[in-house]
Amino acid sequence: MKQLVLIGGGHAHLHAIRHFSTEVRKQYEIILISASPYQYYSGMFSGYAEGLYEQDGIRFDLRALAEQAGIRWMEGCVTRVDRVGRRVMTDMGDVLPFDVLSINVGSVSNSLFGHQGLVMKPSYKITEAIHKMRMAENPIVIGGGAAGVEMALSLAAWRGAHRIGGVMRMVTRSRLLPDGSDGLSRKVKEWMRREGIQVFENEHIHDLQRGNLLTDRQALIVDQMLVAIGSQSPSLLRESGFDTDRAGAMLVNDHLQSETDPGIFGAGDCVTLSRHPSLPKNGVYAIRQAPVLSKNLQRYMMGKPLTSFEPQETYLSILSLGKKKGLLRYGDFYWFGHSSWLMKDWIDRNFMRANSFISSSSKRK
């Protein structure tokens, strides 16, 4: 029997395992391999940091999902893909042959001068990072993008509610939310200061020495730092000889096929569309790629024509501001308020309902 190997338990693969046809299952053994038995939903990280969700509410049990779908599950980190020999090697010494391969492993957080700090990616490390930041005496969030802003505000809300001493601080080498307008940046900075967060913009970090974060302007005492300065794809892709972009993401065509090998597909943060190299790496596109990847894997295995993924130009995003408030953004439009948090909560909860098999299996672990 032929083999389809799915590396990683991201959004696209979670969708795919539900939709493989009977025809495909008769001809292919399907194997899902992931470095962690759980996949965490990033859209609920800020709610978890604030204490609105429990751990089981933000993660999916991949083993239970695979077993429920009749798919073979393996835990392990893939270290190399041998494209010529059609084999996948893992850190556990396993060697898996494949006829068709799909990669949906997400990304890893960038390090800071070799100091990893606490990271949000890979996603299974988030709960440990949040716990340590909650209890730290001198916590600092590095990076003023959307992820950093959300985490700083949500953690500050939790610490305030639990009367944890110390001040939450943020250091960013640019202004806050550099992808937004100046007005938006000022408004968010104002909001953060009102919530007791010290924000240091346009400061370049030089080093971390003896518990001091050294910038070009000052030395800040730190015992825990959450690094949110962007991410890159795992080294696996470049080291396996795939055509990649500068950040190591595998280049794929409109069918989500590797530009290097048509029998290898990919989706999510670990890939870059060759025709849309500047497309942001976020959950919006990962989720929209999911049905296209699922269809094209099956069409390829059955020898049928493939469909194309066409990314939308503008999309809705909601930035959590802590205390059940949020910022709604759509293009250049933004709006602050309590209702935007309610909309975010509705989106989070309906994502889980739409994938009820995921939430139910995670509770049965």
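In strand β18, valine 227 is the bridge partner of isoleucine 142. The model is predicted, so local features require a pLDDT of at least 70 and side-chain atom pairs count only at pLDDT 80 or more, while totals for chains, interfaces and linings use all residues. Residues are numbered from 1 along each chain as its sequence is written, and side-chain values use heavy atoms, with hydrogens and water left out. Helices (H or I, at least four residues) and strands (E, at least two) are DSSP runs, numbered from the N terminus.

Two strands are said to pair if DSSP finds at least two bridges between them. Strand β12 also pairs with β13 (residues 169–171), again in the parallel sense, over three bridges. In β13, the residue opposite isoleucine 142 is valine 171. Strand β12 itself (residues 139–142) is covered on both faces. Pro139 and Val141 on one side, and Ile140 and Ile142 on the other, are all buried, where buried means under 20% relative accessible area, exposed over 50%, and partly exposed in between (1.4 Å probe, protein chains only).

Strands of a sheet pair through backbone hydrogen bonds, either parallel or antiparallel. Valine 81 has valine 88 in β7 as its bridge partner.

A further open sheet of three strands has the order β15-β16-β17, and its pairing is antiparallel. Its edges are formed by β15 (205–209) and β17 (219–221); each has a single partner strand, and one side of each is therefore left without a neighbour in the sheet. On average, neighbouring strands of this sheet are turned by 20° against each other, direction ignored. Strand β15 is joined by four bridges to β16 (residues 212–215), and the two run antiparallel. Leucine 214 in β16 stands opposite aspartate 207.

Helix packing was examined for two pairs that share α6. Helix α5 (residues 126–135) packs against α6 (residues 146–161) at an angle of about 55°, with the axes 9 Å apart. Axes are lines fitted to C-alpha atoms, for helices over the stretch in contact, and angles run from 0 to 180 degrees between N-to-C directions. The angle makes α5 oblique to α6, because angles under 35 degrees count as roughly parallel, over 145 as roughly antiparallel, 65 to 115 as roughly perpendicular and the rest as oblique. The crossing of α5 and α6 is right-handed; a crossing is right-handed if the near helix is turned clockwise from the far one by less than a right angle, and left-handed if anticlockwise. Ile126, Ile130, Met133, Arg134 and Met135 of α5 meet Met151, Leu155, Trp158 and Arg159 of α6, contact being defined by heavy atoms within 4.5 Å. The residues of this contact comprise seven nonpolar, no polar and two charged. Ala, Val, Leu, Ile, Met, Phe, Trp, Tyr, Cys and Pro count as nonpolar, Asp, Glu, Lys and Arg as charged, and the others, Gly among them, as polar.

The axes of α6 and α7 (residues 182–194) come within 10 Å and cross at roughly 20°. The two helices α6 and α7 are therefore roughly parallel to each other, and their crossing is left-handed. Val149, Ala152 and Leu153 of α6 meet Val188, Trp191 and Met192 of α7. By class, this contact has six nonpolar, no polar and no charged residues.

Most residues other than glycine have a negative phi, and most peptide bonds are trans. Arginine 86, in the loop between β6 (78–82) and β7 (87–90), has a positive phi of about 55° although it is not a glycine. With 22% relative accessibility, arginine 86 counts as partly exposed. Leucine 256, also not a glycine, has a positive phi of about 70° and lies in the loop between β20 (250–252) and β21 (264–266). Leucine 256 counts as buried, at 0% relative accessibility. A cis peptide bond, with omega of about 5°, joins lysine 121 and proline 122. Proline 122 is found in the loop between β11 (118–119) and α5.
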